[in-house]
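User: I'd like to learn how to read sheets and chain contacts in a model like this one. Could you walk me through it?

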Amino acid sequence: MQDNILEIHNLVTSFASDGRKDRAIAVNGVDIAIPKGSTVGLVGESGCGKSVTSLSAMGLLPDNGRVESGEAIFCGRDLLKLPDRELRKIRGNRISMIFQEPMTSLNPVIPVGKQVSEALRLHGGMDKETAKRKSIEILERVGVPEARRRYDNYPHQLSGGLRQRVMIGMAMALKPDLLIADEPTTALDVSIEAQILRLMRTLQRESGMSILMITHNLGVVAEICDEVYVMYAGEVVEHADVYALFRDCAHPYTRGLIASLPRMTPKGQRLYTIRGTVPNLRAMPAGCRFAPRCERACKRCWEEKPLLQDIGNGHLCRCHAPVGTNGNGGEGNG
Amino acid sequence: MAELLRAEHLVKEFPVKGGVSHVVTDVSFSIEKGETLGLVGESGCGKSTLGKLLLNLIPATSGRVWFKGQDLSRFKGEALRSMRRCMQMIFQDPYASLDPRMSVGRIIMEPLDAHRVGSSAAERAEMARDLLEQVGLRREFFHRYPHQFSGGQRQRIGIARALALNPELIICDEPVSALDVSIQAQILNLLSDLQADRGLTYLFISHDLNVVRYLSDRVIVMFMGQICEMSTTDQLYEAPRHPYTRFLLDSVPQPDPLLRDETRALLTGEPSSTVNPPKGCRFHPRCPYADARCRAERPDLAEMAPGHFCACHHPLMDREILS
């Protein structure tokens, strides 16, 4: 327990939508632990609840969203019960966030360097001169070329890759304990993505911070994460360390995701596909939420909701018949 | 195989503040009937512009496009319209490329109506229903509207519309980039099936090197408006000759943690501006092998091995490792 920087317990988050009385449950009882100094991946397809999970913990849900229950313990304090003022302090000083499109998080009418130094002054209590000097150092550190000149550039004058470097610089400026990165490289070209991922790793090694990496890209997960949570339809369906996950994934959904990637499949051979589409949040299957799309689903899967269970060595899987295991009613390889 | 399309010295320049943006510079290649030619490169390399030049959706500054032996630039009005029937395009964003006020049936019938295919509206509606079925949708969806569909279904509608006039060539511009992984595989399989059934030819434009590898017979790599390498898929991925191609392939995060390599050489820096592109080889400011010649003299696209073209003064040897 002591070794986790953030622990989310049984988080339930709902959303209201226009003209409906019932609320849609977007996150349904999620448990996630982020060990100190490690990078944890939260992976899943659009609408699975991965971003909502982190926004809930950070108190950043949009107006129509509401945390129904659960806790998010950060250094012994439940973020979900903190007054706004306290939470804002933690968000600025100890937890930083970066998002997919840095343009939406940067102020378009303020030079980027000034934005970094204002963050330092606001949260770090530095004077103007020190903050400016420190900001240029930070921009250099995150690989912004000609940092002194770039300091006075407006966001639109920078490329997407440079903007994301500025965002990372800003996020790192206050030496946070936890960095939440929500699809930080999704909008970038692969060569820039590789640079950004390596930068995040290097900075992490220097500072010892923890990272929650939210992504749909299994390549990014394999490249940078130590452990992984796979989400499907608002729930964690599998959790394992990254090597175990890619070697012995146990949930048919995870397996399907990995198998459907065009990696080494020769031309002409069909790609594996997961049939159907993600269920509607307001019409979830009664049993396993993945059952309608699962090749292995049997009667029990339709009727009884599987629990997230340890299938060995802390590898968690929410399935009545995990792939490739002997226990838990496994039925061979599907 | 017979040549279906040939681009000859295509150039596209846009006037911008402070000069001219060289978006596509002297690009020549051909597409064989029935093949899939992949076109990869990073944002701003000119790959989408090139796709539009081929269809004459935007006029080229200079250069020619030959389709089945005929010079497309000579066609005007009705003749150009009828040539265009043979060439269609599928776009990235299945949300933006379908008119939200039109029913799915109308969307698919639009090209049929425009080209007065068939003898009656009823016949065209029937053809639209057939097309829905061929892309894996239900015939009843004819009366629904785009917002009632998921991203993958909308892309299927876009494909049905592209197929309506029974084209020979389809230019696919990032058709699966906006889709989730599990849906992406469904669309890629559909594209393969349609190619097998109809003998289609694809130009497949994408930034996703894994997807391009899976689908393509041959691949063109573009960098700053120029072709830097062109080859059969296997040769290009297994033994790239251009340093940029090598860097690009090494940058792709592979879904296997055992392939992690933190010592791997990465491309540094940012792409230069196409307004005042570097002299000589446009890649030289970022290339570890660049020398005086690269800074002065533009390398031609030369055939290094049968079918393997590369524009570099210092091409990599087989399986050479970047240091």
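Analyst: We will go through the sheets and then the interface.
This is a predicted model, in which local features need pLDDT of at least 70 and side-chain atom pairs count only at pLDDT 80 or more, while totals for chains, interfaces and linings use all residues. Residues are numbered from 1 along each chain as its sequence is written, chains are lettered from A and ligands numbered from 1 in the order in which they are written, and side-chain values use heavy atoms, with hydrogens and water left out.

User: What is the strand order in the open sheet of 8 strands in chain B?

Analyst: Helices (H or I, at least four residues) and strands (E, at least two) are DSSP runs, numbered from the N terminus. Two strands pair if DSSP finds at least two bridges between them. In chain B the order is β6-β7-β8-β3-β9-β10-β12-β11, with mixed pairing. β6 (87-90) and β11 (302-305) of chain B stand at the edges with a single partner strand each, so one side of each has no neighbour in the sheet. On average, neighbouring strands of this sheet are turned by 20° against each other, direction ignored. For such angles, axes are lines fitted to C-alpha atoms, for helices over the stretch in contact, and values run from 0 to 180 degrees between N-to-C directions.

User: How many bridges join β10 and β12 of chain B?

Analyst: There are 2 bridges between β10 (residues 226-232) and β12 (residues 308-310) of chain B, and these strands run antiparallel. B:E229 has B:C310 of β12(B) opposite.

User: Which strands does helix α9 of chain B lie across?

Analyst: Helix α9 (residues 243-251) of chain B lies across β9 (218-223) and β10 of chain B, and runs at about 100° to β9(B). Contact here means heavy atoms within 4.5 Å.

User: What is the order of the open sheet of 4 strands in chain B?

Analyst: That sheet reads β2-β1-β4-β5 in chain B, with antiparallel pairing. Its edge strands, β2 (19-32) and β5 (70-71) of chain B, each pair on one side only. Further in, 5 bridges join β1 (residues 3-16) of chain B to β4 (residues 62-67) of chain B. Among the paired residues, B:L5 partners B:F67, and B:R6 stands opposite B:W66. B:W66 also has B:D71 in β5(B) as a bridge partner. The hairpin of β4(B) and β5(B) has 2 residues between the strands, and B:K68 takes a positive phi near 50° there.

User: Which residue takes a positive phi in the hairpin of β4(A) and β5(A)?

Analyst: In chain A that residue is A:C75, with a phi near 50°, in a hairpin with 2 residues between the strands. There, 2 bridges join β4(A) to β5 (residues 77-78) of chain A in antiparallel fashion, and A:I73 stands opposite A:D78. β4 (residues 65-74) of chain A is also joined by 8 bridges to β1 (residues 4-15) of chain A, where A:F15 has A:G65 as its bridge partner.

User: How many residues does the contact take from chain B and from chain A?

Analyst: It takes 43 residues from chain B and 46 residues from chain A. Buried area is the accessible area (1.4 Å probe) that two parts lose on being put together, summed over both. Chain B and chain A bury about 3800 Å² between them, with 51% of it on carbon and sulfur atoms. On the chain B side, B:Y214, B:P255 and B:R260 lose the most area to chain A, together 19% of what that side buries.

User: How many salt bridges are there between chain B and chain A?

Analyst: A salt bridge is a side-chain nitrogen of Lys or Arg within 4 Å of a carboxyl oxygen of Asp or Glu. The count between chain B and chain A is 4, and one salt bridge joins the side chains of B:E262 and A:R201 (3.4 Å, N to O). On the side of chain B that touches chain A, α6 (181-198), α7 (209-215) and α9 each supply at least two residues. The largest share, 10 residues, comes from α6(B).
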